[in-house]
Every structure is written in C-alpha cells, then in structure tokens.
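This report describes selected features of a sheet, its packing and its aromatic contacts. Please consult the sequence and the structure shown below.

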Amino acid sequence: MKTKQAFYRSILIILLCGVGFMYSQSESVYQQVEESVAATVQKGVQVGQEALPIELTTLNGEQVSLDEYLGQPVVLNFFATWCHPCQEEMPIILEMEKKLKEKGAAFLAINMTSQEKGKEEIKPFLQHYRANFDPLLDKDGDVMKKYQIIGIPTTIVIDEQGMIVQRINGGLTYEIMEDLVILR
C-alpha cells in the first residue's frame, strides 16, 4: 500500500513539475506568436496593411503628416474639383466630417492637385460646398501613386494603430457612410 502511495505521489510531483514548466514556457510562446504576427503585417495601401506615411502641405500652407494622428482613427478622402462623383459626394463628406469629429476621429481630404488645372480652383470649390476643412495637396501625385489611387473619389479608413480597415473605391452614399467601421 505504501509503495502504491509513493508511486502516485511521485507521478503527481512529476505532473506538477511538467505543468509548471509548460506554464513558464507559455509566455515565451505568446511572445513568439506576437512577433510572428507583427512580422507578417506589411505596410501598404490595402485593407489589413499598415498605412504608408503621408506628409503633405495643406491649401493654407500647413505641413501635415499622417503620423501626427497615430492613436486616433483617420479617414482619408482623395478628390479633385473636376471629378463629378467627388462633387456629388461632397455633401456626404461634410456630414461625415461632422460625425467623425463627434467620435474623436480625424478627417483628411487629399486633393489630387497634380490632376487639377491649378490649385486656384480648390478654394472656390470648397466655398461652393461650404466646406471648412483645409485639404492636403498632392501636387506631384506621389501620394496618389503610393496609395494606388486609380479612380476618385477614394476613401480609406485607418484605425488607431495605423492599420487600413476599409477602402472604398468610388463615391460615398449616405448608406456607405453610415456603414463605415469608424462610425458604427
């Protein structure tokens, strides 16, 4: 009987040591998983990728960097004054900008200045729609190329960690706006 008890105690001690060892190793496994996931996240312009850096000057001459908004959601909207769908969505954009501010999110309009006749057309366009935002100017088309903007308007939603969570190629409707991840 005593040998049986000693045997069971030995098994129990071995099991407890094994569980303790596995527990001590679990933290390192979790760290390896986190590092592996971080390594697979690529910078890019599509959903699931980390947003590429943007640094542009606004119409009023202020230098703005996307990095300034890390820690808060951001919506980018690429537009041009001559673009008919951009004109149609402008009232929706103004409503969205208002809702984003209420939610503590940022809105950055990016004018495809390289596609405009001149930047002189931008201010009257904004005044016509009573838009108060100061758009970033992509004068050379670098951001347009980097973000693979093929058609405008294009809207990109970036979360607090700088990850692209939504990309809408084409004009927004009120329904699409309400369905944006950031406004839910």
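How many bridges join S6 to strand S7, and do they run parallel or antiparallel? Two bridges join S6 to S7 (residues 136-137), and these strands run parallel.

## Basis of the model

The model is predicted: local features require pLDDT of at least 70, side-chain atom pairs count only at pLDDT 80 or more, and totals for chains, interfaces and linings use all residues. Residues are numbered from 1 along each chain as its sequence is written, and side-chain values use heavy atoms, leaving out hydrogens and water.

## Sheet

An open sheet is formed by seven strands in the order S4-S3-S7-S6-S5-S8-S9, with mixed pairing. Strands are DSSP runs of E with at least two residues, helices runs of H or I with at least four, numbered from the N terminus; two strands pair if DSSP finds at least two bridges between them. Strands S4 (63-65) and S9 (164-169) stand at the edges, each with a single partner strand, so one side of each lacks a neighbour in the sheet.

## Aromatic pair

Phe-79 and Phe-125 form a stacked aromatic pair, 5.9 Å centre to centre with 20° between the planes (ring centres of Phe, Tyr and Trp, its six-membered ring, within 6.5 Å; stacked under 30 degrees, edge-to-face over 60, the rest tilted). Because Phe-79 lies in strand S5 and Phe-125 in helix H3, the pair ties together parts 46 residues apart in sequence. Phe-79, Phe-125 and Tyr-129 form one aromatic cluster.
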